[in-house]
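Please look at the structure first, then read the points below.

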Amino acid sequence: MEALKQELKKNIIEQINLEDMTVEDIANEDLLFGGGLGLDSIDALELIVMLDKNYGIRLTDPKEGRAIFESINTMAAYVAEHRTK
Amino acid sequence: MNRNVYINGIGSISAQKTFENNEFLNEFVDHEAQVISVVNPNYKDYIPPAAARRMASGIKMSVVASKIALQEAGLEQVDAIITGTGMGCVRDSEKFVSAIIDDDEQYLTPTSFIQSTHNTVGGQIALELQCKGYNFTYVHASNSFESALIDAKLQLELGEEHTILVGGVDELGEHTTALHKIINHIKPEIVKASQLLQSKTEGAVFGEGANFFVLSNEKQPSTYAEVLSVKIYNTLPKAEVAQAAIQFLKSNNLEVEDIDLVVLGNNGDVKFDSFYDELISKVFNNTQQVYYKHLCGEFNTASSFGFWLASKILKTQILPDCVKLNHVNSSAFKTVLLYNQYRGENHSFTLLKQC
């Protein structure tokens, strides 16, 4: 699970171009949206595509996304359970 | 009566260190390459990190050049933003199209698509400045900047706007550059910038950059020059270039002898630099001449760097050695003619006058 969390952090930094951040800068429990990393709705779309492309997970319900993308912990738990690749 | 148009502030990001307006080519970076990139300022000094992370290089360059120009003109806002760009945000276009191909039209992300359009630059500048005025982008190959300039000049002359930010920007894209190498638009060999015109090979050294200018009806202490006239041609046969230049001067009540300096867009392409030779040896052989594409590289809006160079020379009355093309020396620079073309097409003549 820890390896998956590190991988997700790396993918997020790359996918949404968090130029000045490293994996170490993101704590597992940091809020990704709102406060924390301060991501926005366009970033949410980028993350949805990233889940589909890298893990074969298709999110269709935006409300579902809100809970999944709360933190690295919640994302990793969801990916571990639902990944198809 | 038409109002005058003045250049009140300038901002340049180029392959030279041009973003400091209190310097003027103090250090000539003598690049040795087929393609040259810009000398980047510290973008964080000008753009908040949250806004910068989605900005392509061309947008960052343009936003910073715009802010520098506005600051120099003593403005926080302009009435209009007019941008010229040949290729727009080509890196994001490449990224988006590559993703379509590589991922078989699946998994397309919004950011590169949103940022891939030509008018993204003008839009992002407007967002940074919170400018809700007229915002227009001209895409017209190597006449893109001049097209933007003509629009700005007409609006200022007619009093429709009072301050306009106008500029030219193009960024290098890896795939596009590779294509230009294949079709020999880029020189086959590595060339030292200072030896560009001696290369005697086909193609140009490609570059990138953003040059923005605050134009206004009002002359002020920061004013660089007055924009007298701009004329563009899509096609102009080589044999007619000299006559077109003379006619352009005549239409502005000027003779060849009235011109103190000619700023030429020679890029060292042995196939097309002969267009410039029509002016160099037949019309302006007794006039001081300068060139600049060895400093900034060739790109669709490289002529905006020539416009920057002419503005600096007119204001400072200093002419750096690295741009001299001939051995004629003018005692003062009062009226400057710029001429540019790319691959024998999209020619432009621009006249600037000392204030």
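A polar contact is a pair of N or O atoms within 3.5 Å; within protein, one must be able to donate a hydrogen and the other to accept it, and residues adjacent in sequence count only if both atoms are side-chain atoms. Between domain 1 and domain 2 of chain B, 20 residue pairs are in polar contact, both residues at pLDDT 80 or more. The model is predicted, with local features needing pLDDT of at least 70 and side-chain atom pairs counted only at pLDDT 80 or more, while totals for chains, interfaces and linings use all residues. Residues are numbered from 1 along each chain as its sequence is written, chains are lettered from A in the order in which they are written, and side-chain values use heavy atoms, without hydrogens and water.

**Domains**
- Chain B splits into domain 1 (6–216) and domain 2 (225–353), with bounds from an automatic or database domain assignment.
- The centres of the two domains of chain B, taken over C-alpha atoms, lie 21 Å apart.

**Contact between the domains**
- In chain B, 54 residues of domain 1 are in contact with 51 residues of domain 2 (heavy atoms within 4.5 Å).

**Salt bridge**
- The rule finds one salt bridge across this interface of chain B (a side-chain nitrogen of Lys or Arg within 4 Å of a carboxyl oxygen of Asp or Glu).
- B:Glu72 forms a salt bridge with B:Lys315, and their closest N and O atoms are 4.0 Å apart.
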